[in-house]
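Please look through the structure below, beginning with the overall outline and then turning to the strands.

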Amino acid sequence: MSRAAIPGLPSRYPIGEQLPALYADDDFAQRFTGGLDTVLAPVFATLDNLPAYLDPRVTPADFLAWLASWVGASDDPQWPVERRREAVVRAVELHRWRGTRRGLVEALRLALGVHAEVTGDGGAVWSNTPGADLPPEPPAEVLVRVWPDPGTWVDPERVHEVVRAMRPVHTDCRVELLPGPPTDEGR
């Protein structure tokens, strides 16, 4: 990421115009400060546009990785720029939903562009009645069904990486990659 030495970029705050009147007609002083203006113009341009640099929807593409690191977002240079921007915009929301069905489905959609369905509750049991016996333990396995859009290929290892990162720590997840969306008969 380089924002320096942009040829022909004028300074919005020329130093020569801000010098005392004594130096206004001094050719050396004007040329010297003109050189400083060339060096400082990109700095002023960046500072003047700082809100745009911090907004992932409009920031330069080469700045996205840095913004992603600020909010702990996934950032894969292989992704399309719009998907990378959305990952940064939605990072806080995804952190809030981490370890939930919704978070897992959204993370898979955002990271890989796939559809997903999560079944099973990870083995959580409880009783509303104090002192009552607990219900029988459910299976601790969660099933994650994933299907890409027709005609697209998804790397199974990447699917497993996202599931491992977003699942609750105490659960085992089994992943099924389907060729298309599940039907009512297949459930």
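The model is a predicted one. Its chain holds seven helices and three strands. Read from the N terminus, the order of elements is α-α-α-α-α-α-β-β-α-β.

The overall dimensions come next. The C-alpha trace spans about 90 × 50 × 20 Å along the principal axes of the chain. The radius of gyration of the chain is 27 Å, whereas a compact globule of 187 residues would have a value near 16 Å. Buried residues account for 28% of the 187 residues. The chain has an accessible surface of about 12,200 Å², and carbon and sulfur atoms contribute 58% of that area. Of the contacts between residues at least 6 apart in sequence, 56% link residues that are at least 24 apart.

Now to the strands. Strand S2 covers residues 141-147 and pairs with both S1 and S3. With strand S1, residues 115-119, the pairing is antiparallel and runs over five bridges; here Val 118 has Val 144 of S2 as its bridge partner. With strand S3, residues 172-177, the pairing is parallel and has six bridges; here Val 142 is partnered by Cys 173 of S3.

Why is S2 described as largely enclosed by the rest of the structure? Six of its seven residues are buried, so the strand is largely enclosed by the rest of the structure; buried here means under 20% relative accessible area.

Terms used
Residues numbered from 1 in each chain as written. Predicted model: local features only at pLDDT ≥ 70, side-chain atom pairs only at ≥ 80, totals over all residues. Heavy atoms only, no water. Buried < 20%, exposed > 50% of the residue type's maximum accessible area, 1.4 Å probe, protein only. Helix = DSSP H or I, 4+ residues; strand = E, 2+ residues; numbered from the N terminus. Pairing = 2+ DSSP bridges. Rg over C-alpha atoms; globule rule 2.2 N^0.38 Å. Contact = heavy atoms within 4.5 Å. Areas by Shrake-Rupley, 256 points an atom, 1.4 Å probe, with all protein chains shown as cover.
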